[in-house]
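Hi,

Here is the structure I promised to pass on. Have a look at it first, and my notes on the core and the aromatic side chains follow below.

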Amino acid sequence: MYARNVKLNLKAASAPEFKKILETSVLPILRKQAGFKDELSFVGANGTDAVAISMWDTKESAERYVRETYPSVLKSLEAVIAGTPTVTNFEVSNSTFHQIVASV
């Protein structure tokens, strides 16, 4: 399993709109992507720090999403984010949400 960790800076007072865009636009797109497993999103207490972690069956599925779909997802969020999000990728080693098969 593979994870993408996206750190975003939200514009002031835009956290409610960020959450709405995730629910109405981003999550429906993610659910249609081959290999997509789950999305966890967090907004910090200050209302301007956000993290979105998406889970994928394989690195290849996540990379396909990045090439083909992620640019349009960013565009849908441009009204609420300041600057360019930072993305870090990970192989998932443990999860209580998903059964993880150890890499050989």
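Phe36 and Trp56 are both buried, meaning under 20% relative accessible area with a 1.4 Å probe and protein chains only (exposed is over 50%, partly exposed in between). This is a predicted model, so local features need pLDDT of at least 70 and side-chain atom pairs count only at pLDDT 80 or more, while totals for chains, interfaces and linings use all residues. Residues are numbered from 1 along each chain as its sequence is written, and side-chain values use heavy atoms, without hydrogens and water.

Three aromatic pairs turn up, where rings of Phe, Tyr and Trp (its six-membered ring) pair if their centres lie within 6.5 Å, with planes under 30 degrees apart called stacked, over 60 edge-to-face and the rest tilted. Phe36 and Trp56 count as edge-to-face because their ring centres are 5.4 Å apart and their planes at 70°. This pair joins distant parts of the chain, with Phe36 in strand β2 (residues 36-43) and Trp56 in strand β3, 20 residues apart; strands are DSSP E runs of at least two residues and helices H or I runs of at least four, numbered from the N terminus. Ring pairs also tie Phe36, Trp56, Tyr65 and Tyr70 into a cluster.

Now the core: the largest nonpolar one has 22 residues, and Trp56 is among those with the most contacts inside it, as are Phe18 and Leu77. Such a core is a set of buried Ala, Val, Leu, Ile, Met, Phe, Trp, Tyr and Cys residues joined through side-chain atoms within 4.5 Å. Helix α1 gives the largest share, seven residues.

Happy browsing!
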